[in-house]
Amino acid sequence: MCVCEIIDSVEENQYNVSRHLKILICAGLVTERKQGRFVYYSITKSADKVHKIILDLFSAISGDIFDADAKRLKTRLSLRKEDKCVIGRFGKKMK
C-alpha cells in the first residue's frame, strides 16, 4: 500500500504513520519500494517463528475500529488504476 492510502484508511496524520512504518521496517515486518512519486509498503513474508507469531497476533485483532479502517482501506484501494495509487492523500475523512 502507498502511505497516502494507509493515512486515509486509519485517519491518522502522515508523521505518525511514517514513524510507525519506519519502526516496522526496522523490525523486518514491513518492506518499502519506491515507484515513481509513491512509496509502497508491504508486509514481509514470515522469516522466522517470532515473525510469524507477530503477524498471527495482528491478524487475530478484531473490533469496530479495525472494521472501520478495513472498510475505508477497501474504498481507498478501489480508486487505484492498474493496481497503482494515482492520487495523493484526501486530506479529509473518508465516509
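Read along the sequence, the protein chain of this predicted model follows the pattern α-α-β-β-α-α, with helices (H or I, at least four residues) and strands (E, at least two) taken as DSSP runs numbered from the N terminus. The radius of gyration, taken over C-alpha atoms, is 14 Å, close to the 12 Å that the globule rule gives for 95 residues, so the chain is as compact as a globular protein of that length; the rule itself is 2.2 Å times the number of residues to the power 0.38. Local features need pLDDT of at least 70 and side-chain atom pairs count only at pLDDT 80 or more, whereas totals for chains, interfaces and linings use all residues. Residues are numbered from 1 along each chain as its sequence is written, and side-chain values use heavy atoms, with hydrogens and water left out.

Of the 95 residues, 25% count as buried, where buried means under 20% relative accessible area, exposed over 50%, and partly exposed in between (1.4 Å probe, protein chains only). Among contacts (heavy atoms within 4.5 Å) with a separation of 6 or more, 52% are accounted for by residues 24 or more positions apart.

Most residues other than glycine have a negative phi. Glu-11, however, which lies in the loop between α1 (3–10) and α2 (14–26), has a positive phi of about 50°, and at 31% relative accessibility Glu-11 counts as partly exposed. A positive phi, near 55°, is also found for Glu-82, a residue in the segment after α4 (64–77) that counts as exposed at 74% relative accessibility.
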